[in-house]
Amino acid sequence: MRLNRSDREVFGVGSLAFAFLAMVFAFAALVTAAQSESHSNDTNKRVKQLSASGVVSKTAEVTVQEFSIVAHPGLVQSGKVTLSVENHGSLTHELVIIQASSAAALPKVTKAGGDRSVGAIDEEAIAESDKFGEAGEVAPTKAVTKSFDLPPGTYVLFCNIDLKKPDGTVVNHFKSGMRTPLVVV
Ligand SMILES: [Cu+2]
C-alpha cells in the first residue's frame with residue numbers, strides 16, 4: 001500500500017499520541033506503586049508505634065463454641081503471648097496454634113479410614129517449626145489460660161476434634177468452622 005502525505009502525518013501523530021499515552025500510563029503506574037509503598041511503610045510505622053505504646057497487648061481472650069472461634073483482640077504483640085481460652089459451648093474443645101498464612105493453606109486429611117476424618121487438619125503433615133503449641137482440651141463452661149512464645153507472623157487457631165455421633169457419622173470441628181486468624185506483630 002502506498003501512503004500519501006496526509007496518511008503519513010496521521011500515522012505519525014498516531015504513534016506520537018500512543019507513545020505519550022504509554023508514558024502517562026507508565027507514570028501513573030509508578031505513582032501508584034510509590035503510593036502503596038509509602039502506604040505500607042506508614043502502616044508498618046503505625047504498627048511499630050502501637051507496639052511501643054503498649055496499646056497492642058500480649059494477651060487475648062479466645063472464645064470457643066459450636067462451631068466458632070473468636071479471638072479478641074485478633075492482634076497481639078510478639079513474645080510471651082497469654083491466651084485465655086473460654087469454652088462457651090456444650091462440647092469439649094481444644095485450641096491448636098499453627099503459623100500459617102490462612103486456614104486454607106493448612107494441609108487437610110483427604111483419605112478416609114485414618115485417625116482423622118476427611119477435611120480435618122492433617123496435623124502430622126504440618127512442619128514442626130510451624131507448630132506453636134496447644135491449649136489442650138477445654139471442657140464446656142471452663143477456661144484454660146496458657147502462654148505461648150510467638151514470634152511476629154500470621155497464625156491460625158483451630159479446634160480439630162472429631163465428634164463421633166451415635167449414628168457413626170463424624171463431625172470435625174475445624175471443618176464446621178472452628179478456626180480464626182491471629183496476627184502477631
Ligand atoms: Cu471444637
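Two strands are said to pair if DSSP finds at least two bridges between them. In this predicted model, strand β1, residues 59-65, pairs with β2 in the antiparallel sense, and five bridges connect the two. Within that pairing, Q65 stands opposite S68, a residue of β2.

An open sheet of four strands runs in the order β2-β1-β4-β7, and its pairing is mixed. Its edges are formed by β2 (68-72) and β7 (143-150); each has a single partner strand, so one side of each is left without a neighbour in the sheet. On average, and with direction ignored, neighbouring strands of this sheet are turned by 25° against each other.

The protein as a whole may now be considered. Its secondary structure comprises one helix and eleven strands, and along the sequence these elements follow the pattern α-β-β-β-β-β-β-β-β-β-β-β. The protein has 185 residues, of which 22% count as buried. Among contacts in the protein with a separation of 6 or more, 65% are made by residues 24 or more positions apart.

A further open sheet contains five strands in the order β3-β11-β8-β5-β6, again with mixed pairing. Here β3 (75-76) and β6 stand at the edges, and because each has a single partner strand, one side of each lacks a neighbour in the sheet. In general, the strands of a sheet pair through backbone hydrogen bonds, in either a parallel or an antiparallel manner. V96 stands opposite F158, which lies in β8.

A100 is found in the loop between β5 (93-99) and β6 (131-138). Is A100 buried or partly exposed? A residue counts as buried if 20 or more other C-beta atoms lie within 10 Å of its own. A100 has 19 other C-beta atoms within 10 Å, and it is therefore partly exposed.

The surroundings of A100 draw on several parts of the sequence. Apart from its neighbours within four places in sequence, A100 is in contact with A105, L106, D130, T154, Y155 and V156. A100 and L182 are 82 residues apart in sequence, while their C-alpha atoms are 9.8 Å apart in space.

Notes: Residues numbered from 1 in each chain as written. Predicted model: local features only at pLDDT ≥ 70, side-chain atom pairs only at ≥ 80, totals over all residues. Buried ≥ 20, exposed ≤ 12 C-beta atoms within 10 Å, placed from the backbone. Contact = placed C-beta atoms within 7 Å. Axes fitted to C-alpha atoms, helices over the stretch in contact; angles between N-to-C directions.
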